[in-house]
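The tour below goes from one selection to the next and says what is found at each stop.

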Amino acid sequence: MRVSALIPRYPEPETYVGRTHYCPGCGHGTLHKLLGEVIDELGIRKRVILVEPVGCSVLALRYLKVDGVQGPHGRAPAIATAIKRLRPEAIVITYQGDGDLAAIGTNEIIHAANRGEMFTVIFVNNAVYGMTGGQMAPTTLIGQKSTTSPTGRATEYFGYPLRICELLNTLEAPVYLERVSLHDVEHITKTRAAIKKALLNQIEGRGFSLVEVLSNCPTNWKMTPEESWRFVKEEMTKVFPLGVFRDR
Amino acid sequence: MSRLYMKGNEAVVEGALRAGVEGFFGYPITPASEIIETFAEKYFADREREKRGEKPLYPKFRVFMQMESEIASINAVMGGAAAGCRVMTASSSPGISLKQEGISYIAACELPCVIVNIMRGGPGLGSIQPEQGDYFQAVKGGGHGDYKLIVFAPNSVQEMAEHTMLLFNLTDKYRNPGMLLADGYLGQMKESMEFPEVPIEEYDKPWAITGMGEREKQNTIEFLFLTPEPMVEAKKRLLEKYKKIEANEVRYEAYKVDDAKILVTAFGTPSRVAKAAVDLAREKGIKVGLVRPITLWPFPYKIYRDLVTHQIDRVLVVELSFGQFVEDVRLGVEGKAEVKLYPRFGGIVPTEEEVLEKIMELA
């Protein structure tokens with residue numbers, strides 16, 4: 001028996017066509033792949049409309065072969081609101097970073113969640129502005145250094161890390177809020193399951209779902225990929241506890 | 001054809017509904033609020049009809065949204081337009097300032113939509129009385145980067161409806177955003193109108209993001225370039241489109257200009273006052289005519305050039321601002337006539353006697 005016969009055959013990915021431009025060790029590639037796999041598994045690729053953010057994942061549509069639009073910084077939830085309401089048969093996904101969603105786009109995400117818009121949000125939290133070169137984000141940890149908090153984030157000066165899942169969990173309308181992480185295989189698997197659940201919620205017309213994904217930024221954190229994932233595991237999860245906040 | 005009696009803001013809604021608007025996204029602001037309110041009334045009346053098992057009056061009008069901000073409104077318009085639907089928003093000056101980022105993105109991505117600006121006094125919070133101080137913002141840019149909006153300047157309630165309908169056609173035709181630029185007077189004024197016959201043109205939108213469906217190729221709506229060369233090509237395409245619009249879509253009204261020596265020019269509400277003043281001046285034997293631009297971009301430069309080349313040597317510009325529109329008039333006149341500005345600002349519309357006085361100063 002040839003060894004190759006023992007290797008299970010997986011279907012060719014249709015949605016995710018990788019080789020991304022992201023920095024070595026960045027979590028975006030993994031997350032794109034997970035999202036693509038789940039879209040393939042659910043057989044919804046031809047119905048998906050993806051709203052890209054402004055940030056490192058601004059070119060996500062190069063790697064995910066679905067229809068989509070590139071929105072202004074932070075505005076994806078407003079764009080997605082109109083698309084989903086005008087085309088309810090589409091599966092509408094926003095993919096947003098923490099600068100995009102938790103800073104400049106806070107208003108849009110809160111109100112979209114509060115209206116219970118029927119789309120799915122993939123929120124990537126890596127505690128920093130990546131594309132612009134490592135500035136402080138609302139999610140930057142206390143004491144964490146960035147180019148705009150060079151001596152570390154001080155609470156008396158910059159306030160505290162903003163917890164989006166907890167914040168949205170005060171609203172009535174959302175049906176599913178979960179925080180997951182990409183720091184090891186076990187958690188990557190959990191992330192995949194969370195994305196699937198969030199998309200199923202939309203397919204079944206349940207309501208607003210958001211998956212917050214803790215990720216890394218080795219380049220701007222000035223760490224090796226390995227060190228960066230350890231930071232996610234040991235430091236970020238303390239401030240941003242993992243788990244399901246809402247599941248209705 | 002039936003005669004109707006309604007407010008300018010209500011006529012915008014009526015025109016949009018007849019043009020087959022599919023989504024309206026807005027935020028309240030005086031003096032434009034009747035637009036969002038009238039859309040709400042029409043939309044929810046249709047939902048009530050459906051509950052009673054009746055057919056909706058406006059089956060195409062599927063989405064009405066009062067958004068959380070002007071910014072969210074214009075971005076919802078971007079989403080709806082990207083999805084291939086006829087969509088619009090309406091606001092007034094401070095709200096339109098907030099929308100500028102979105103307008104720039106919409107222009108860059110060549111998304112057709114209609115934006116209504118019922119201008120109030122500015123800068124800042126200003127006043128709720130009419131001004132025309134958003135002229136530059138509407139016709140010269142407003143948001144960042146090179147782009148153009150197709151800008152219509154109605155001067156009656158009837159035109160509020162008619163131009164809204166025309167804008168839906170033209171914005172779809174050219175894949176370009178358009179603006180209805182009216183002053184607060186036109187939004188608030190009630191007058192009798194006949195509903196204009198504007199044929200509804202429907203355009204295929206193979207570029208729209210609808211979900212790939214039967215398509216093999218993904219549709220993406222983006223305007224970001226990591227290297228200059230493709231951006232040069234994309235911007236050339238935009239520029240070519242703008243030239244085409246400039247060549248084909250200029251609209252203006254010329255009144256009693258055939259033998260005129262003096263020209264009065266104005267748009268929007270002041271153009272009605274100016275027209276009446278031209279009639280008063282004619283009674284006094286002054287040879288005066290009026291040019292009223294209907295499109296502010298593309299601007300009717302040529303009619304000014306033609307008139308000053310052959311007969312007119314004095315031009316009176318009446319506008320409700322320090323003097324913005326006058327700059328385009330001067331570009332049209334090319335220094336071949338004396339251009340005098342009569343600016344009224346702060347929310348007061350001049351009377352016809354006041355404009356007549358200015359004409360007589362030139363005569």
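Start by selecting A:Ala127. Leaving aside residues up to four places away in sequence, A:Ala127 touches A:Asp98, A:Ala137, A:Thr139, A:Thr140, A:Leu141, A:Gln144 and A:Met236. This is a predicted model. A:Ala127 sits in the loop that runs between strand E4 (120-125) and helix H5 (155-158) of chain A. Is A:Ala127 buried or exposed? It has 28 C-beta neighbours inside 10 Å, so A:Ala127 counts as buried.

**The side of chain A that touches chain B**

Show both chains. Here 29 residues of chain A are in contact with 34 residues of chain B. On the chain A side, strand E1 (48-52), strand E2 (67-70), helix H2 (76-86) and helix H4 (106-115) each supply at least two residues. Which of these gives the largest share? Select H2(A), which contributes 8 residues to the side of chain A that touches chain B. Coloured by residue class, that side of chain A divides into 14 nonpolar, 6 polar and 9 charged residues.

Next select E2(A) together with strand E9 (residues 220-221) of chain B. The two strands run parallel and are joined by 2 bridges. To find one of the partners, pick A:Val69, whose bridge partner in E9(B) is B:Ile221.

**A helix in chain B**

Move to helix H3 (residues 70-82) of chain B. Its 13 residues, at 1.5 Å a residue, should span 18 Å, and the end C-alpha atoms are 18 Å apart, so the two values agree. H3(B) is mostly covered, with 13 of its 13 residues buried. Step just past H3(B) to B:Gly84, which takes a positive phi of about 85°.

**The two domains of chain B**

Colour chain B by its domain assignment, which gives domain 1 (3-212 + 238-248) and domain 2 (253-362). The C-alpha centres of domain 1 and domain 2 of chain B lie 28 Å apart. Where they meet, 25 residues come from domain 1 of chain B and 22 residues from domain 2 of chain B. On the domain 1 side, helix H5 (135-139), strand E6 (150-152), strand E7 (178-183), helix H7 (184-188) and helix H8 (228-248) of chain B each supply at least two residues. The largest share of that side, 4 residues, comes from H5(B). The residues on the domain 1 side divide into 15 nonpolar, 6 polar and 4 charged.

**A sheet in chain B**

Finish with the five strands E10, E12, E11, E14 and E15 of chain B. In the order E10-E12-E11-E14-E15 they form an open sheet with mixed pairing. Why is one side of strand E10 (252-255) and of strand E15 (338-343) left without a neighbour in the sheet? Both stand at the edges and each has a single partner strand, so one side of each has no neighbour there. From one strand to the next, the twist averages 20°.

Zoom in on strand E14 (residues 314-319) of chain B beside E15(B): these run parallel, joined by 6 bridges. Within this pair, B:Val318 stands opposite B:Tyr342 in E15(B). Last, select helix H11 (residues 325-333) of chain B, which packs on the sheet and touches strand E11 (262-265), E14 and E15 of chain B. The direction of H11(B) makes about 160° with that of E14(B).

Terms used:
Residues are numbered from 1 along each chain as its sequence is written. Chains are lettered from A and ligands numbered from 1 in the order in which they are written. This is a predicted model: local features need pLDDT of at least 70, side-chain atom pairs count only at pLDDT 80 or more; totals for chains, interfaces and linings use all residues. The expected span of a helix is 1.5 Å times one less than its number of residues. A residue is buried if 20 or more other C-beta atoms lie within 10 Å of its own, exposed if 12 or fewer, and partly exposed in between; C-beta atoms are placed from the backbone. Two residues are in contact if their C-beta atoms, placed from the backbone, lie within 7 Å. Ala, Val, Leu, Ile, Met, Phe, Trp, Tyr, Cys and Pro count as nonpolar, Asp, Glu, Lys and Arg as charged, and the others, Gly among them, as polar. Two strands pair if DSSP finds at least two bridges between them. Axes are lines fitted to C-alpha atoms, for helices over the stretch in contact, and angles run from 0 to 180 degrees between N-to-C directions. Domain bounds come from an automatic or database domain assignment.
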